[in-house]
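Subject: Model handover

Hello,

Here is the model, with my notes below it. Please load it first and then read on.

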Amino acid sequence: MVLSQSLRRPLTPPSDVELTCVDPQPTFHAARPRIEVVRARWKEYVIGSTLFVALVVPSVTVFSVVVGQWQSSTSQRGWLILGFGFYIVAALKSLWEVFVRVCEQILFLRVELRKMTSPMLFEGVSASLAAAAEKNGHTCSWDHEVVQEHDKVTGDITVKLRFWSSKQRSMTVHLDGCGRLAEYGQQSLAVHVQFSPGEDVVCGRDSRVERRDSLTMSVGSTPGRVLADKAVLSQWFEESYQSQVKPVDGVVNVYALQESSTDWVPTWSFERVKPCKSAKGTGHDFFLERASLQKVLADAKLWSRSALRVYLIAGPPGVGKSEFTLWLAGQMRLPVYRLCLSSPRLTDDRLSQLLSQSAVSHNSILVQVDEFQETVQRWVQSPGGSGVSPGGFCECLQGSTAMSRGVVVLTGTSEIVNESVKRQLPAVFRRVHREAHLSWMGAQDIRYFFRQFLLRFVPANTLRDWAHCEDLFMDESGPWGGTRHISVDMLKQYLMHQITEASCMGLGVDKESSAGIGAGFQVLPERMAQFFNLVCDWEKAALFLNSYAPVTQ
């Protein structure tokens, strides 16, 4: 069928026509109210002019009288000063303060930012001011407060000088590079920043002390430019907030629930910093990528920025389910929020409140629900028990209170993917978008892990030597090349155990390293053969595996 040109043309209403929804059933609607902001700035100008006259006329009159009396009655000068000086100065001071406030309302755009109301934005703006001010000694802060904070890169508790202290401070900054300012012939926007520490406030059942810090930004503006100035300030605030919540390269921030008492609603708090692992890493920075996890990563990259995605990762203990969660968070540059659904105090209402947008500090997050098999077992065996119910959990995953975007990772043992469990909880598993099963390590996985983990401690080994060591380690007569089930944790713990033995035997030196204690250990070149004989010792490996905690799944 060929459409005519008139039908192909998009239907656009005239500019003076308002589109309204047509109700199939004719009903009577009240007229829509028309909202118009009345300009009342003339009142401020009148008040300001009146105050100006009230200041100038009495001041000139009093000044003239005082000068006249001062010249005509020289003997009464002392009494004149004592009798009228205090009252005149006090009255003029009060009028001047009122006049200044009115002028600020007329000529200045004032924005107030409170730490207790918007903590992340407050820290972001403070960080941007500190970064610009601490570049040289003329603009840096000379009044600090010493605090202990977690380092964003290493996660260690470090001592830092806070840019603000317990005293008031003011500074002036210029915001450059704003496109809206060019329309008014300006290159930068001058902003006067006033910091007020406020009073200490005791918050929560744990009696933690918070200070009511606030920042007040004042900008000289005009009625024709005030909207552009507000847009520039909003852009600065948005960039400061995004810079504050932007994840640091190479690490993942982990948040967990903390509650001060049993009758208090828990809140999310920063717990620790975890380094990002990758397939190119060595030692503890190495992550063994499995083929079954690539589709989960592809799905998350494709959809998690616009919709909530739920993934179920099942497998025996020690195969790398928790490490996969951290690896996925590092790939997606998302913070991890750890959640335990087995707590009886965590109800449906509390879970909905904890996953709401106002409870988290980031726009998009990765929620990790570990040991999900315990929750599933409780739902199957005690349907009406305390804690989060299947219906409440489903409402948080796909309902009116669900997150609009992000990732939810459910990890547990292999029993949660049984068909009998899925038949009893169809609503829960219907909301799972991808399933991945992590099994025991294969021969190629063990070889690859063996090389990448030891590569940090034996960096001088050649590819030919690595191939020989891998063949020796994976011999079918040994425990690693046989039919025994090997998990990632088994192999990692054994290699760490043998490296410790090598360190005690003096087979290497402990070089300085920022990765942690013992991470700088390297095998001496002349002791390399002895080291690999120690690692590939089948008898010691068998003893270690026999003493390892048994895994039934």
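The largest nonpolar core of this predicted model has 36 residues. L454, F473 and F531 have the most contacts inside it. A nonpolar core here is a set of buried Ala, Val, Leu, Ile, Met, Phe, Trp, Tyr and Cys residues joined through side-chain atoms within 4.5 Å. Buried means under 20% relative accessible area, exposed means over 50%, and partly exposed lies in between (1.4 Å probe, protein chains only).

At least two residues of this core come from each of α14, α15 (463-473), α16, β17 (521-523), α17 (528-535) and α18 (538-547). Helix α16 gives the most, with seven residues. Helices (H or I, at least four residues) and strands (E, at least two) are DSSP runs, numbered from the N terminus. L454 touches W466, L495, I499, F531, F532 and V535, leaving aside neighbours within four places in sequence. Contact means heavy atoms within 4.5 Å. A second, separate core has 34 residues, including Y255, V310, L354 and I365.

Ground rules, briefly. Residues are numbered from 1 along each chain as its sequence is written, and side-chain values use heavy atoms, with hydrogens and water left out. The model is predicted, so local features need pLDDT of at least 70 and side-chain atom pairs count only at pLDDT 80 or more, while totals for chains, interfaces and linings use all residues.

**Helix pair**

Helix α14 (residues 443-454) packs against helix α16 (residues 488-504) at an angle of about 40 degrees. Their axes are 11 Å apart. Axes are lines fitted to C-alpha atoms, for helices over the stretch in contact, and angles run from 0 to 180 degrees between N-to-C directions. From α14 come I446, F449, F450, F453 and L454. They meet V488, L491, K492, L495, M496 and I499 in α16. By class, the contact residues are 10 nonpolar, no polar and one charged. Ala, Val, Leu, Ile, Met, Phe, Trp, Tyr, Cys and Pro count as nonpolar; Asp, Glu, Lys and Arg as charged; the others, Gly among them, as polar.

M505 is in the loop between α16 and β16 (508-510). M505 counts as partly exposed because its relative accessibility is 41%. Leaving aside neighbours within four places in sequence, M505 is in contact with R527, Q530 and L534.

**Seven-stranded sheet**

This open sheet has mixed pairing and the order β10-β9-β12-β13-β14-β11-β15. Two strands pair if DSSP finds at least two bridges between them. Neighbouring strands are turned by 25 degrees against each other on average, direction ignored. Strands β12 (residues 336-339) and β13 (residues 366-369) run parallel and are joined by four bridges. L339 has V369 in β13 as its bridge partner. Helix α8 (residues 321-332) packs on the sheet, and its direction makes about 170 degrees with that of β14 (406-412).

Two loop residues deserve a look. R333 sits between α8 and β12 and has a positive phi of about 55 degrees, although it is not a glycine. E371 sits between β13 and α10, with a positive phi near 50 degrees. Most residues other than glycine have a negative phi. R333 is partly exposed at 37% relative accessibility; E371 is partly exposed at 38%.

Helix α10 (residues 372-381) has F372, Q373, T375, V376, R378 and W379 buried. Their cover includes β11, β13, α11 (390-397), β14, α12 (419-424) and α13 (426-430).

**Four-stranded sheet**

The order is β1-β8-β5-β4, open and antiparallel. β1 (108-114) and β4 (169-176) each have a single partner strand, so one side of each is left without a neighbour in the sheet. Seven bridges join β1 to β8 (residues 214-220). T216 in β8 stands opposite E112. T216 is buried, with a relative accessible area of 12%. Helix α6 (residues 226-245) lies across β1, β4, β5 (188-196) and β8, at about 25 degrees to β1.

Best regards
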